[in-house]
Amino acid sequence: MAALTENSACLLSTTTGVDMKTAASTTLYTVPAGKTLVIHHVIVRSNSASLAGGTSYSFTAWRQAVDLSGMTTTTGFRELNTTDNTTFVMNVAATAVQITVTTGSTGAATATIQLYGSLF
């Protein structure tokens, strides 16, 4: 019987303490050997401070230049979905799926990021 990750869109990773200010990349998930990943959505939550100024965050082979600057309170979350009529590249085995901060928050802040997808 195939694993749940191959029969549904499910939570593949939860990464806490992601630096949302510094221009850098953080690995969220590495695609297992022999598998290909289709990302369904990402949830950004539990930010430690305002993400004001954070206008450009990108995800490996998926959404680019995501603006999270409206996350100014620490009690909400954002669900990022695929965009209609956009073709995304599938992440193949051993690919490190990362969030890359290009223009991060003005002040120091971290967040928890959950990656949902399916493997085949």
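Ala24 counts as partly exposed, at 37% relative accessibility; in this classification buried means under 20% relative accessible area, exposed over 50%, and partly exposed in between, with a 1.4 Å probe and protein chains only. The model is predicted, so that local features need pLDDT of at least 70 and side-chain atom pairs count only at pLDDT 80 or more, whereas totals for chains, interfaces and linings use all residues. Residues are numbered from 1 along each chain as its sequence is written, and side-chain values use heavy atoms, with hydrogens and water left out.

Ala24 is located in the loop between strand E1 (10–19) and E2. Helices (H or I, at least four residues) and strands (E, at least two) are DSSP runs, numbered from the N terminus. Contacts of Ala24, defined by heavy atoms within 4.5 Å, are made with Ile99, Thr100 and Val101, not counting residues up to four places away in sequence. The C-alpha atoms of Ala24 and Gln98 are separated by 9.8 Å, and the two residues are 74 residues apart along the chain.

Strands of a sheet pair through backbone hydrogen bonds, either parallel or antiparallel. Here an open sheet of 3 strands is found, with the order E2-E7-E4 and antiparallel pairing; two strands pair if DSSP finds at least two bridges between them. Strand E2 (25–30) and E4 are the edge strands, each pairing on one side only. On average, neighbouring strands of this sheet are turned by 20° against each other, direction ignored. For such angles, axes are lines fitted to C-alpha atoms, for helices over the stretch in contact, and angles run from 0 to 180 degrees between N-to-C directions. E4 and E7 run antiparallel and are joined by 4 bridges. Thr103 in E7 is the bridge partner of Ser56.

Ser58 is found in strand E4 and counts as buried, at 11% relative accessibility. Its side chain makes a polar contact with the side chain of Gln64 (3.4 Å). A polar contact is a pair of N or O atoms within 3.5 Å; within protein, one must be able to donate a hydrogen and the other to accept it, and residues adjacent in sequence count only if both atoms are side-chain atoms. Not counting residues up to four places away in sequence, Ser58 touches Arg63, Gln64, Ala65, Gln98, Ile99 and Thr100.

The structure holds 2 aromatic pairs. Rings of Phe, Tyr and Trp (its six-membered ring) pair if their centres lie within 6.5 Å; planes under 30 degrees apart count as stacked, over 60 as edge-to-face and the rest as tilted. The Phe59 and Trp62 rings are edge-to-face, because their centres are 5.9 Å apart and their planes are at 80°. Both Phe59 and Trp62 are buried. Trp62 also pairs with Phe88 in a tilted arrangement, 6.2 Å centre to centre and with 40° between the planes. This pair links distant parts of the chain, 26 residues apart, with Trp62 in the loop between E4 and E5 and Phe88 in the loop between E5 and E6. Relative accessibility is 5% for Trp62, whereas Phe88 is partly exposed at 24%.

Ala61 lies in the loop between strand E4 (56–59) and strand E5 (77–81) and is partly exposed, with a relative accessible area of 29%. Ala94 lies in the loop between strand E6 (91–92) and strand E7 (96–103) and is exposed, with a relative accessible area of 61%.
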